[in-house]
Amino acid sequence: MTRRYRGAIAALVVAVAALAVLAGGAAARPHASGSFKFFTHTGEQPAFTVLLKNFQKAYPDIKVNSSYGPAGAGYGPVLTTMIQAGNIPDVFYGNGGTGVLESILPLARAGKLLDLSKQPWAKRMPAASHDLFWIGKKLYGLQMDVSPTGLIYNATALQQLGLKPPTTYAQLRAMCGKITAAGKIAIAFPGAGGSTAMQAIAVSLGVNGAWNKERLAGKTTFAGTKQWLQAYQRLLDLKKAGCFQPGAQATGVPQALQLVGAGKALMFPAPSAAFATIQQISPGTTFKMIPFPGNTSKAPALVTYSDAISVSATASDKTAALTFVNFLAREGQSRLLAKLLGAVSIHDANVGNLPDTMTAFAPYFKAKTTVARLSDGWPGAAPLTALNTATSAVLSGQSSPTEALKSIDAAWPAK
């Protein structure tokens, strides 16, 4: 989930708050009144503070009772406890797919969510994320944004070293020596939380949604897939080439972010949500992003599509709740929200209108060669946890790539 990279977004809110009035939708709207409860996590609180102000300006007679749970891994348990206690929020943040506690599809199958397929924005949902939000012809979440996922790089530092961002794996590996020779770390690798990075590498080698479906059907395994084996071999190859910081296997996402933001490392595998934190640490430096390089410059690109807003099937005021969700789906509001969250709005992704920091992904959106984050479609959190553990074990030498892949298969829930 991209929320783990959003702890420092508050600093951006002041900088972009002026946009709120412009995107607030001053045009006259039908009168509406009522109230609803809204729940998300603290990583998104600064962004939603702006959006809620816009909503209240447009709909002053709808009362919003907002509350916030912990960002990161703590959010799912809190939301689950609320639901089990019969205190499900009317509108709340969820994760597309099935891979974590707050995933919306298990909640939909349990009858907890309202079908949103008749809402005016439903037809604009990206085809690439279809299986994360739909069950048959019913839709259970507004996809808030699109988060390109690959290598964030220090464009200022690379230019000073006379280097261009790599477009192939061979170029990436060759760059490591030049960067380390300049006294820098080439890639700040979060080995203790490397699941996103490993998925980006695997996707660059051809693992995609079709493979996910085969794994779900029990027709393939991690250990039996050559691209996953190649992904871990590639990880070890990058380590051997001196691309990573010492102790990469024990480095968490926050520590890796600090290395890049402080200019000690020049690249970092992450979703675009990490831009906010990195830019806050180093506000005068230009950072950009590329897909994780594959064997050719046309290798597929990983994109995170999972951030969602859902409505409870038992919402006391469904009209007020849907008014808010439809407000968030407006082009101006969704673009503002995406900007605040370090992502791309659905509309902009559909037309290939990406910010300067992510223009390298534009051809992939245009050619429809993006791949949704694999773990969002996995059955529960156990495989994702095993992927993190396996990645650290491979980097430390405690497991071979084959052993690591078998451990992920062992964590896959039996049908």
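The legends below describe close-up views of one predicted model.

Residues are numbered from 1 along each chain as its sequence is written, and side-chain values use heavy atoms, with hydrogens and water left out. Because the model is predicted, local features need pLDDT of at least 70 and side-chain atom pairs count only at pLDDT 80 or more, while totals for chains, interfaces and linings use all residues.

**View 1. Confidence along the chain.** The protein has a mean pLDDT of 90, and 93% of its residues reach 70 or more. Here pLDDT is the predictor's confidence in each residue, from 0 to 100. Over residues 7-28 the value stays under 50, and for this stretch the model has 37 contacts beyond four places in sequence. Contact means heavy atoms within 4.5 Å. Where pLDDT is low, the predicted coordinates should not be read in detail.

**View 2. The disulfide between Cys176 and Cys243.** One disulfide is present in the structure, a disulfide being a pair of cysteine sulfur atoms within 2.5 Å. Cys176 is joined to Cys243, with an S to S distance of 2.0 Å. The torsion about their S-S bond is about 110 degrees, so the disulfide is right-handed. Cys176 lies in helix α8 (residues 169-181) and Cys243 in the loop between α11 (226-240) and α12 (253-261), so the bond ties together parts that are 67 residues apart in sequence. Helices (H or I, at least four residues) and strands (E, at least two) are DSSP runs, numbered from the N terminus. Cys176 counts as buried at 0% relative accessibility, and Cys243 is also buried, at 0%. Buried means under 20% relative accessible area, exposed over 50%, and partly exposed in between (1.4 Å probe, protein chains only).

**View 3. Helix α12 and what covers it.** Which residues of α12 are buried? They are Val253, Ala256, Leu257, Leu259, Val260 and Gly261. The cover over the buried residues of α12 includes β8 (185-187), β9 (265-271), α13 (274-281) and β10 (287-290). Just after α12, Gly263 has a positive phi of about 85 degrees.

**View 4. Aromatic pairs.** A pair of aromatic rings is described by the distance of the centres and the angle of the planes. Rings of Phe, Tyr and Trp (its six-membered ring) pair if their centres lie within 6.5 Å; planes under 30 degrees apart count as stacked, over 60 as edge-to-face and the rest as tilted. This rule gives 18 aromatic pairs. In one of them, Phe222 and Trp228 have ring centres 5.1 Å apart and planes at 55 degrees, so the pair is tilted. Phe222 is buried at 0% relative accessibility, and Trp228 is buried at 0%. For Phe361 and Tyr364 the centres are 6.4 Å apart and the planes at 55 degrees, so this pair is tilted. Phe361 and Tyr364 are both buried. A cluster linked by ring pairs holds Phe36, Phe38, Phe48, Phe55, Tyr59, Phe324 and Phe327.

**View 5. Arginines over rings.** A charge sits over a ring if NZ of Lys or CZ of Arg is within 6 Å of the ring centre and within 35 degrees of the ring normal. Arg215 has its charged end over the ring of Trp412, 4.3 Å from the centre. The charged end of Arg234 sits over the ring of Tyr169, 3.9 Å from the centre.

**View 6. Nonpolar cores.** A nonpolar core is a set of buried Ala, Val, Leu, Ile, Met, Phe, Trp, Tyr and Cys residues joined through side-chain atoms within 4.5 Å. The largest contains 83 residues, and Phe36 and Phe268 have the most contacts inside it. Helix α14 (residues 318-329) gives the most to this core, with eight residues. Another core, of 49 residues, lies apart from it, and its members include Tyr153, Ala155, Leu172 and Leu387.

**View 7. Ser103 and Arg109.** Ser103 lies in the loop between β3 (91-95) and α5 (104-109) and is buried, at 1% relative accessibility. Leaving aside neighbours within four places in sequence, Ser103 is in contact with Asn95, Gly96, Gly97 and Thr98. The C-alpha atoms of Ser103 and Ala381 are separated by 9.8 Å, with the two residues 278 residues apart along the chain. Arg109 is part of helix α5 and is exposed, at 58% relative accessibility. Not counting residues up to four places away in sequence, Arg109 touches Thr98 and Ile135.

**View 8. Lys368.** Lys368 lies in the loop between α17 (362-367) and β13 (370-372). Although Lys368 is not a glycine, this residue has a positive phi of about 55 degrees. Lys368 is exposed, at 72% relative accessibility.
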